[in-house]
Amino acid sequence: QAVLAQDPLRQARRSLSQTRRGPLAAMQSLAFWRRGAASDNFSTLPTHVPFNDERQEEIHRRPTMTAGVSFAGGCCCCCLCSIIVLLVVVYFVLLNYLTNLAVDEMLIIDEDKVMEFCESGLTPPNMTANIWWPGCGETGSMAALNDTCTLPCYRGEILQSMDAQRQEMGWKKVSYKSRVAEDIQTIELAGWWLPANRSGAPRIVIQHGFQANSNKFRPQLMAGMLRALGYSVLLNNLRDHCYSQRSEAHIYEWGHAYPYDVLGALDFARNDPDGVLGGPVPDEKVGLLGISKGAFLTQITFGMEASLPAAWVDAPPFTADAVFRNGAKKKFKELGLPDFVFALTIDQVWSRVQAAAIAKGVNLTEHMPEEMLPLGPDTRRPLTMVQNKDDTTVPESNNEEYLALLRTLPEKYNVSNWLVEGMCHGDDHCVDHLRAYDEYLYRLCAFWRGAFGQSADDCPAASP
């Protein structure tokens, strides 16, 4: 034991060996060795150190405190790791959930919406009475479409006049092909041909918007207005919509194949290959008008087709991405998700939506307006844009981006920008041709008369 007392290393080994006999014995030996090792002269270490109750309690307390600190640190580290893992799991679960929602809204075709009013045997003469109108709904009766349900947004006589026009004037359901393009499926399209009451009248192709078709109130009303001004109208349906053929991809497209559907409708309106429109007319006598997503496609087509004389667009989105983000932001609010979740996930969700489209052979961002409009000829072709400041579907920021782009192209386009505000029975998107019917009709008249080289002297007054 004397030898052991003189050798601190042996003391350390002995104290460690005490762990086999229990933690208390080991701690007592280690405490004894620490006291001895603190002495200047190892040879003077005592051979025995008595442990009274007070010192034994102190020794018990020291290692217990050390173990407690170690245990607490380990718990903190473990909890932190668990929280990080949990957050990562929640993030990817949320990301997958939001991606599925986005794919459903942005890509998956809602058959009920794109086919609405297309499978019930409706024709132009009975269309007005049997489709949905703001404030009135689906009445099935012209008598029910009156000021009782139309006011205060619009007058019932507007619908009555349109219906009378349909009873008197001709119509045909026509079919034609989308313009042929490399890597784009050629589709059999179909729509309504609504001729003017005089031969040789200029023709205007109307393009419907997102989840819409030729038979819904927005394009139907616009067609009635243009016919009232003396123009023939072709109401075009995009692929996978209403009477048009189903595509292999069968998803909502944006700038990929849809522009070729619009170009196919223009080709048909100009050339009349089947001899059902009264013969071909010069390119400069066929215009293009688009509503919402149809306006987006009109902007693209206007840049692609140099021979198109003029274009009218009502609430065009600037990019597919802009449409997605605006819709997603509203959806996040509906779900009660905070803004930071939107900021954290939106880019990843959009990338996944694009990847899902690519897997179907569709590039959502191909042929965007900002790429196509600069390709137009330097002829200052007339372009009118309509934007409701209160629009929550296509906010005014889209209009501002278009204006910023078009200001850099003054030699290509003669731009008129009409800003309006107001709602129609709770709807703020593309309803101004109904809400402000008279002024809208006057502006349509003045624009198209100028585009086709006609006198605007016969245009109706801008107010009733």
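This is a predicted model: local features need pLDDT of at least 70, side-chain atom pairs count only at pLDDT 80 or more; totals for chains, interfaces and linings use all residues.
Student: What share of the residues is buried?

Tutor: A residue counts as buried when its relative accessible area is under 20%. Of the 464 residues in the chain, 49% are buried.

Student: Which helices and strands does the chain have, in number?

Tutor: The chain has 17 helices and eight strands. As for contacts between residues at least 6 apart in sequence, 70% join residues at least 24 apart.

Student: How should I read the nonpolar core, and which residues have the most contacts inside it?

Tutor: The largest nonpolar core has 125 residues. Trp133, Leu289, Val353, Leu444 and Trp448 are those with the most contacts inside it. Once its neighbours within four places in sequence are left aside, valine 353 is in contact with Ala102, Val103, Met106, Leu107, Phe324 and Leu364.

Student: Let us turn to the disulfides. How many does the structure hold?

Tutor: A disulfide is a covalent bond between the sulfur atoms of two cysteines. The structure holds four disulfides. When the bonded cysteines are counted along the chain, the pattern is 1-5, 2-3, 4-6, 7-8.

Student: Where do cysteine 118 and cysteine 242 lie, and how far apart are their sulfur atoms?

Tutor: The sulfur atoms of cysteine 118 and cysteine 242 are 2.0 Å apart, and the two residues form a disulfide. Cysteine 118 lies in the loop between helix 5 (111–114) and helix 6 (124–130), while cysteine 242 lies in the loop between strand 4 (232–236) and helix 10 (258–271), so the pair ties together parts that are 124 residues apart in sequence. Cysteine 118 and cysteine 242 are both buried.

Student: Is the link of cysteine 118 and cysteine 242 left-handed or right-handed?

Tutor: The link is left-handed, with -110° about the S-S bond.

Student: Which parts of the chain does the disulfide of cysteine 153 and cysteine 424 link?

Tutor: Cysteine 153 is joined to cysteine 424 by a disulfide, with an S to S distance of 1.9 Å. Cysteine 153 sits in the loop between helix 7 (147–150) and helix 8 (156–168), and cysteine 424 in the loop between strand 8 (413–420) and helix 16 (432–435). The pair thus links distant parts of the chain, 271 residues apart. The torsion about its S-S bond is about -115°, so this disulfide is left-handed.

Student: Why do cysteine 153 and cysteine 424 count as buried?

Tutor: Buried means under 20% relative accessible area. Cysteine 153 counts as buried because its relative accessibility is 10%, and cysteine 424 because its value is 0%.

Student: Where are cysteine 445 and cysteine 459?

Tutor: A disulfide joins cysteine 445 to cysteine 459, S to S 2.0 Å. Cysteine 445 belongs to helix 17 (residues 437–451), and cysteine 459 to the segment after helix 17, 14 residues apart. With a torsion of about -85° about the S-S bond, this disulfide is therefore left-handed. Cysteine 445 is buried at 0% relative accessibility, and cysteine 459 is buried with a relative accessible area of 13%.

Student: Are cysteine 79 and cysteine 430 buried or partly exposed?

Tutor: Cysteine 79, at 45% relative accessibility, counts as partly exposed. Cysteine 430 is buried, with a relative accessible area of 1%.

Note on methods: Residues are numbered from 1 along each chain as its sequence is written. Side-chain values use heavy atoms; hydrogens and water are left out. Helices (H or I, at least four residues) and strands (E, at least two) are DSSP runs, numbered from the N terminus. Buried means under 20% relative accessible area, exposed over 50%, partly exposed in between (1.4 Å probe, protein chains only). Contact means heavy atoms within 4.5 Å. A disulfide is a pair of cysteine sulfur atoms within 2.5 Å. A nonpolar core is a set of buried Ala, Val, Leu, Ile, Met, Phe, Trp, Tyr and Cys residues joined through side-chain atoms within 4.5 Å.
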